Amino acid sequence: MNCDRELLRNVPLFALLDDDEAAVLAAQVEVKEFSPRERIYKMGDPGGRGYILVAGKVRVSAVDQDNQEVVIDEPIPGEFFGFASMLDGTTHKSGALAVESSTCIEVDRNDIATLLMRKPHAGMDMLSVLGRQFHTSQELVRLRAARNPNELIEEKLTTGDRVADGVARFGGSWKFIILCLMLLTVYTIVNVGLGRKAWDPYPFILLNLFLSMLAAIQAPIIMMSQNRQDSKDRVRSELDYEVNRRSEMQIQGLARKLNLIADKVDDVEDLVRGKAGSRNEH
């Protein structure tokens with residue numbers, strides 16, 4: 001089916017083309033109709049063709065190292081998919097499936113070449129749009145990448161935070177307890193042994209002052225570390241939520257695959273029953 005020039009003007013990739021450039025491209029591309037659950041292309045198919053969604057819903061997915069389907073994109077009308085393989089001529093690294101009845105503009109590599117030969121300036125317009133799409137994809141990958149919560153927390157640490165963690169870690173250890181017991185024991189023995197010459201005789205008022213000052217300084221530092229621990233737990237919870245959300249999406253993808261397989265099996269059973277019924281009639 002031939003493509004209308006005004007239809008191309010509604011596509012962001014070609015929005016910067018003038019009327020003559022859009023007319024040249026419209027004469028080259030074709031409009032394709034896809035039924036629900038129809039495969040537009042699959043991983044490993046030869047490249048050379050890209051698609052622009054006009055209406056409907058399409059899901060673009062790939063398979064990760066664990067052989068799990070990962071939904072890469074669900075383009076909205078006006079967005080394109082499969083253009084990377086079209087431009088470099090390699091096989092598709094992802095697959096595209098029409099979730100519902102969809103209309104797409106099929107763009108061939110030769111269509112772009114013809115446009116560039118006739119209208120060279122159109123290349124810069126398309127490169128500008130592709131650049132924005134590329135940066136958007138990079139941001140998506142950055143956000144989707146699983147981050148180590150400990151590394152994420154370490155990036156935000158200040159010098160004060162490190163000191164507070166160190167004080168809290170040492171103050172809650174057996175080393176601190178044993179050291180305090182040894183110092184208190186030596187302090188009391190020396191002052192008792194000196195008798196009237198002791199600088200802090202019983203009931204050790206100076207020692208009580210030192211201990212009170214130590215507790216007054218140590219308590220807020222430990223509270224600072226505890227508050228930071230709450231922040232750490234919140235970061236870990238958010239990252240766990242992202243991981244669980246992606247896992248849920250993968251499980252939903254598997255469920256969709258199972259449903260598709262069940263539909264195919266039902267279709268095969270209906271076909272077999274139809275053939276068996278026709279044989280019985282004969």
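Is Arg59 buried or exposed, and at what relative accessibility?

**Conventions.** I note that this is a predicted model, in which local features need pLDDT of at least 70, side-chain atom pairs count only at pLDDT 80 or more, and totals for chains, interfaces and linings use all residues. Residues are numbered from 1 along each chain as its sequence is written, and side-chain values use heavy atoms, with hydrogens and water left out.

**Entry on Arg59.** I looked up Arg59 and found a relative accessibility of 10%, so Arg59 counts as buried. Buried means under 20% relative accessible area, exposed means over 50%, and partly exposed lies in between (1.4 Å probe, protein chains only). I located Arg59 in strand E4, residues 58-63. Helices (H or I, at least four residues) and strands (E, at least two) are DSSP runs, numbered from the N terminus.

I then listed the contacts of Arg59, a contact being heavy atoms within 4.5 Å. Beyond its neighbours within four places in sequence, Arg59 is in contact with Val71, Asp73, Glu74, Gly95, Ala96, Leu97, Val99 and Arg256. With Glu74, the side chain of Arg59 also forms a polar contact of 3.3 Å. A polar contact is a pair of N or O atoms within 3.5 Å; within protein, one must be able to donate a hydrogen and the other to accept it, and residues adjacent in sequence count only if both atoms are side-chain atoms.

**Entry on Lys42.** I found Lys42 in the loop between strand E2 (38-41) and strand E3 (49-55). Lys42 has 49% relative accessibility and therefore counts as partly exposed. Not counting residues up to four places away in sequence, Lys42 touches His92, Ser94 and Gly95. I also checked the C-alpha atoms of Lys42 and Ala62, which are 20 residues apart along the chain and separated by 9.2 Å.

**Entry on the sheet.** I traced an open sheet of four strands in the order E1-E8-E3-E6, with antiparallel pairing. Strands E1 (30-34) and E6 (80-81) stand at the edges with a single partner strand each, so one side of each is left without a neighbour in the sheet. Two strands pair if DSSP finds at least two bridges between them. E1 and strand E8 (residues 102-108) run antiparallel and are joined by five bridges. Lys32 stands opposite Cys104 in E8.

**Entry on helix H7.** Which residues of H7 are buried? I found Asp161, Ala164, Asp165, Ala168 and Gly171. On the face of H7 turned away from its buried side, I noted the exposed residues Thr159 and Arg169.
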